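The following account leads through a protein model, from a single residue and its surroundings to the overall fold. Please keep the sequence and the structure in view while reading.

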Amino acid sequence: MFVLTIDQVASRRTADRIPELLAMLQDVPALLPFERTVGDEAQGVPASATAAAEAIRRVLRSGGWHIGIGCAPDAQENLPTSVREGSGMAFVCAREAVEASKRLPVSLAVRVPTVSNGEGTTADKTHASSAAKKGVRTVARGGSADARNAVEVSPVPGGALDRAARAAELQALLHVIGIVVQSRTVAQRETVQLLELGESGQAIARALSITPQAVSQRRLGAHWAEEQAVWPLAIRLLQELDYGVSGEQGSQA
């Protein structure tokens, strides 16, 4: 199960953007819809890996948010009626993730239940024995910022990667996407928005009062095709991460 915790950047110096965020995410399929939880923060429980990816995509493009992604085998049938009443390992991981994101160049982090030399959160300790069986050793807390974000992995017999490595892979990929998205100019963002509505180059040129050649230049400069090409990989990593922590593919769709 996935939980997303999203915190507004520099909220004390800027206007409240949570209503904008909730409107942007209101049609994302969710087990628990996104709500304001406290102050400048919102949380939600996407219904699947695909829904989680769509929410992440929208928030990255909006810009100005700390994004925490938690994934843990919480029982979906025991969910409360509101995300504000949520508890469990996925919520703990999302909280750790959003705090960790504030120390990263791209303000996004992914966290799963892990083990850290016998220490760590309740979620960590719950999964200590299963992680030991898989040969997992992570270094996630204490020391420098680099040390807190490091992941050290031993291979699982048979060559499969453990959940901590999968989380690190997903975070790295989402950071690359975030760099691409957040480096776009205003003009490139306008063009991408129309491209995603299915508009042709000619139609976009007319709408923006520019030439078709300018549309093409903006599309290429925005690396829109490259971004589109890697989102299926992000969804697959989310699916594999969900499968890895739950042992069953209950929320993959």
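Leucine 21 touches Ile6, Ala42, Val59 and Trp65, when residues up to four places away in sequence are not counted; contact here means heavy atoms within 4.5 Å. The model is a predicted one, in which local features need pLDDT of at least 70 and side-chain atom pairs count only at pLDDT 80 or more, while totals for chains, interfaces and linings use all residues. Residues are numbered from 1 along each chain as its sequence is written, and side-chain values use heavy atoms, with hydrogens and water left out.

Leu21 also belongs to the largest nonpolar core, which has 37 residues; together with Leu25, Ile56, Ile69, Leu108, Leu174 and Trp231, Leu21 touches the most other members. Such a core is a set of buried Ala, Val, Leu, Ile, Met, Phe, Trp, Tyr and Cys residues joined through side-chain atoms within 4.5 Å. Strands S1 (2–8), S4 (65–71) and S5 (108–111) and helices H1 (18–25), H2 (49–62), H7 (163–182) and H11 (224–246) each supply at least two residues of this core. H2 gives the largest share, 8 residues. Helices (H or I, at least four residues) and strands (E, at least two) are DSSP runs, numbered from the N terminus. In soluble globular proteins, nonpolar side chains tend to be buried together.

H1 and H2 also pack against each other, at an angle of about 140 degrees and with their axes 10 Å apart. The axes are lines fitted to C-alpha atoms, for helices over the stretch in contact, and angles run from 0 to 180 degrees between N-to-C directions. From H1, Glu20, Leu21, Met24 and Leu25 meet Ala55, Arg58, Val59 and Ser62 of H2.

Glutamate 41 lies in strand S3 (residues 41–46). This residue is buried, with a relative accessible area of 5%; buried means under 20% relative accessible area, exposed over 50%, and partly exposed in between (1.4 Å probe, protein chains only). Leaving aside neighbours within four places in sequence, Glu41 is in contact with Thr5, Ile6, Asp7, Ile18, Glu35, Arg36 and Arg95.

Helix H10 (residues 212–222) has Ala214, Val215, Arg218 and Ala222 as its buried residues. Seen down the axis of H10, these fall within an arc of 105 degrees, so they line one face of the helix; the arc is that of the directions from the helix axis to the C-beta atoms. Gln213, Gln217 and Leu220 are exposed on the other side of H10.

Overall, the protein has 11 helices and 5 strands, and 47% of its 253 residues count as buried.
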